[in-house]
Amino acid sequence: MLSSDAGRENHSCRPRVGKPKLDLALAKPQVSGFYDKPTGAIQYVVADLATKRCAIIDPILDFDERSGATATKSADALLDFVSEQGLSVEWILDTHPHADHFSAAHYLKEQTGAPTGIGDRVVEVQKLWKAIYNWPDFPADGSQWDRLFAEGEAFLVGTLPVKVLFSPGHTLASITYVIGDAAFVHDTLFVPDSGTARADFPGGSAARLWHSIQGILALPDETRVFVGHDYQPGGREPLWESTVAVQKATNIHLVAARSEAEFVALREARDRTLPMPRLILHALQVNMNGGRLPEPEANGRRYLKFPLDGL
Ligand SMILES: N[C@@H](CCC(=O)N[C@@H](CS)C(=O)NCC(=O)O)C(=O)O
Ligand SMILES: [Fe+2]
């Protein structure tokens with residue numbers, strides 16, 4: 001029996017790792033998106049209804065940079081949903097180290113006991129940012145997560161097969177989780193009227209992003225595509241779902257740029273117009289540490305650190 005607090009009582013479930021046979025056509029997870037208006041980010045709960053097991057993807061720890069206040073409202077809303085649906089959390093997954101919000105992975109692990117995972121190239125991101133923050137002692141070894149996923153790795157959420165695609169460009173470590181017929185492509189493609197993600201953060205590359213997008217478009221046409229952000233162009237309602245076929249036919253950046261060279265030119269021109277995300281310097285120091293806030297100082301308070309003229 002699952003209690004009303006089921007989502008918070010998940011200590012017994014261990015991740016099952018193996019090489020499951022991938023049958024995209026048969027495996028259709030229930031996907032629930034949770035839109036975060038302040039950051040335009042989408043968090044997902046991806047459930048296998050046969051076993052009532054789920055994965056949480058890209059959860060947010062709330063942060064108000066004006067007051068310095070942190071909160072767990074967004075993450076708790078995910079746990080409430082998990083509990084209401086009678087689900088248990090099997091994995092807490094990030095697609096990449098986010099530059100615009102704190103990850104709630106560590107908080108959710110504390111609450112559920114479920115393991116955390118991210119792409120194995122996160123160690124490259126850690127190396128890059130430990131230099132930017134001047135933290136010579138920071139262990140850039142990925143030990144802050146329970147599992148580091150390499151290109152092509154497979155695992156299960158309940159009975160759902162998950163396959164990992166390495167999809168860099170937006171960051172050095174970005175990965176896509178293909179869970180049954182659903183691809184969680186994070187910041188590569190956005191919904192078709194919004195084009196693609198930027199590729200100008202430290203370690204970013206428009207050419208790599210192009211190749212990562214080709215890998216996503218090579219999935220079956222009917223694959224559902226779930227994106228990591230939506231910035232509501234023209235003030236429309238937030239959107240986060242499309243398909244590979246619709247992306248190929250209508251994504252504004254893919255329609256405008258048919259070759260790698262055209263895409264790189266378009267992407268780099270747009271990136272030159274974008275200011276750095278509001279929270280990039282706040283977020284990376286937390287997210288490179290698996291979503292852990294800095295340790296409290298002697299007075300019990302936690303402090304962030306910023307490089308000046310460092311980006
Ligand atoms: N205005 C937002 C921008 C955040 C941002 O740069 N988002 C990235 C994804 S992490 C992106 O690809 N943005 C594309 C765009 O703004 O066109 C902020 O300050 O947080
Ligand atoms: Fe991002």
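Modeller: A crossover is called right-handed if, with the strands pointing away from the viewer, the path from the first strand over the helix to the second runs clockwise. The model discussed here is a predicted one, and such a crossover occurs in it: strand β13, helix α4 (residues 206–217) and strand β14 make a right-handed β-α-β unit.

The strand to examine is β13, which covers residues 182–186. Within this unit, β13 and β14 (residues 224–227) run parallel and are joined by four bridges. One position may be followed in the structure: His186 stands opposite Val227 of β14.

β13 also pairs with strand β12 (residues 175–179), here in the antiparallel sense and over three bridges. In this pairing, Ile179 has Ala182 of β13 as its bridge partner. The two strands β12 and β13 form a hairpin with two residues between them. Gly180 lies in the turn and has a positive phi of about 60°.

A residue counts as buried when its relative accessible area is under 20%. Because five of the five residues of β13 are buried, the strand is largely enclosed by the rest of the structure.

In summary, β13 pairs with β12 in the antiparallel sense, while β13 and β14 run parallel.

Definitions and conventions: Residues are numbered from 1 along each chain as its sequence is written. Chains are lettered from A and ligands numbered from 1 in the order in which they are written. This is a predicted model: local features need pLDDT of at least 70, side-chain atom pairs count only at pLDDT 80 or more; totals for chains, interfaces and linings use all residues. Side-chain values use heavy atoms; hydrogens and water are left out. Buried means under 20% relative accessible area, exposed over 50%, partly exposed in between (1.4 Å probe, protein chains only). Two strands pair if DSSP finds at least two bridges between them.
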